[in-house]
Amino acid sequence: MTDTTPTVLFICQHNAGRSQLGAALLEHLAGDRFTATSAGLSPAGGVNPAVAATVAELVSSAVNSLQ
């Protein structure tokens, strides 16, 4: 049987900010209904630290709201 889960590709210039944030938010909000992937036209060496902190804060906030 083939996987019918839709894949969403987020693309930005360096794959270090916007696309990473979009993919993380979709994975968090949509659960297993979508597969999120990110890419960049000229990939950077890593994720922007400000974006990583934002994703961590959003996920932490969402988890706390469930308690």
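User: Helices (H or I, at least four residues) and strands (E, at least two) are DSSP runs, numbered from the N terminus. How many helices and strands are there in the protein?

Analyst: This is a predicted model, in which local features need pLDDT of at least 70, side-chain atom pairs count only at pLDDT 80 or more, and totals for chains, interfaces and linings use all residues. Residues are numbered from 1 along each chain as its sequence is written, and side-chain values use heavy atoms, without hydrogens or water. Along the sequence, the elements follow the pattern β-α-β-α. The counts are two helices and two strands.

User: In which sense do β1 and β2 pair?

Analyst: Strand β1 covers residues 7-12 and strand β2 residues 35-40. Pairing requires at least two bridges found by DSSP, and here there are six. The sense is parallel.

User: What handedness does the β-α-β unit have?

Analyst: The unit consists of β1, helix α1 (residues 18-30) and β2. A crossover is judged with the strands pointing away from the viewer, and a clockwise path from the first strand over the helix to the second defines the right-handed case. This unit is right-handed.

User: What distance does α1 reach from its first C-alpha to its last?

Analyst: Helix α1 has 13 residues. Its expected span is 1.5 Å times one less than its number of residues, given as 18 Å. The model is close to that, at 18 Å.

User: Does Asn-15 count as buried or exposed?

Analyst: Asn-15 lies in the loop between β1 and α1, and its contacts include Gln-20 and Ala-39. The classes are buried under 20% relative accessible area, exposed over 50% and partly exposed in between (1.4 Å probe, protein chains only). Because its relative accessibility is 17%, Asn-15 counts as buried.

User: Which side chain does a polar contact of 2.9 Å join to that of Asn-15?

Analyst: A polar contact is a pair of N or O atoms within 3.5 Å; within protein, one must be able to donate a hydrogen and the other to accept it, and residues adjacent in sequence count only if both atoms are side-chain atoms. The contact of 2.9 Å goes to Ser-38.

Methods: Contact = heavy atoms within 4.5 Å. Lists of a residue's contacts leave out its neighbours within four places in sequence.
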